[in-house]
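Student: Could we go through this structure together? I have it open and would like to ask a few things.

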Amino acid sequence: ANAGFFSILNFYYKSLYLNSAIAAAVFIVLTVFLVMATTKFLRTEERLQESQRLAAMGQMTATMAHEIRNPLGIIKASTDVLREKYQSEGEQDELFGFVDDEIKRLSRLVSDFLAFLREPILSAHPADINVIIRDAIIAFTSEKEIDIEFSPEQEELQTHVDSDKLYQVLLNLLLNAWQAMDGNGAIRIKTREFRQRGRAYAEIILQDDGPGFQGDLSKVFEPFYTTKTQGTGLGLAVCRTIIEKMDGLIKAENTPGGGASITLLLPLRIE
């Protein structure tokens, strides 16, 4: 054979080696892909089963919460009747006070569970943030003895929110601050217009004179995370769900001088 024949043969040999290397590489890539796809599928299946289990637990918890609420009402009514029947006028029996406090605590626990399990249904409408805050302050100070300072930078901050749900969030945050301070100290609330990434927000800053957040700040809004001895860890989680449902943001931090600070950002309604 002449030199040209061997040259062509050598070319085919090299092509064979190259094609074999490419085929091996493709086989390895396909194998890795199949392994990754299978692993992801198995993890997805595990998550689906976990989600189904959690959904069943949530349904069971909601049922139990409703079943607990009914006896609580009966216990409360029976306690009131016993108080009127056996407690002398002008005398306060501390045992009745203990029963009332525990009934309120259990009722709040049940309400927190139900609020967390229920998907919030919002009825958004134009509203002034400052008006909602003033209403929440009046309602809270009518039951608790505490100094609340409100300092709005603008007279009006028009937003498009569910007033009742935002009112609920504010009462929850005020209660948390009051509990953290054991009733001693002041709460300061500020509002202003705030712009971030080209969007206009109504910013609400709530600060207290308490010890600040304990533990991991990044977990403050996670369900069931709490450092309180009698807390459920659901209050702030419910607040975050409601605020995010209104296209807002919520964050927590400790202030340098001591105390905790909660910041809410809600989209402003631009006329």
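This is a predicted model: local features need pLDDT of at least 70, side-chain atom pairs count only at pLDDT 80 or more; totals for chains, interfaces and linings use all residues.

Student: In what order do the five strands form the open sheet?

Tutor: The order is β2-β4-β5-β7-β6, with mixed pairing. Strands are DSSP runs of E, at least two residues, and helices are runs of H or I, at least four residues, both numbered from the N terminus. Two strands pair if DSSP finds at least two bridges between them. The edge strands, β2 (147–152) and β6 (249–254), each pair on one side only.

Student: How many bridges join β5 to β7?

Tutor: Seven bridges join β5 (residues 199–208) to β7 (residues 260–267), and the two strands run antiparallel. Glutamine 207 stands opposite serine 261 in β7.

Student: Which strands does helix α4 touch?

Tutor: Helix α4 (residues 163–180) packs on the sheet and touches β2, β4 (186–196), β5 and β7. Contact means heavy atoms within 4.5 Å. The direction of α4 makes about 170 degrees with that of β7; axes are lines fitted to C-alpha atoms, for helices over the stretch in contact, and angles run from 0 to 180 degrees between N-to-C directions.

Student: New topic: where does isoleucine 22 lie?

Tutor: Isoleucine 22 lies in helix α1 (residues 3–86). Isoleucine 22 is partly exposed, with a relative accessible area of 45%; buried means under 20%, exposed over 50%, and partly exposed in between (1.4 Å probe, protein chains only).

Conventions:
Residues are numbered from 1 along each chain as its sequence is written. Side-chain values use heavy atoms; hydrogens and water are left out.
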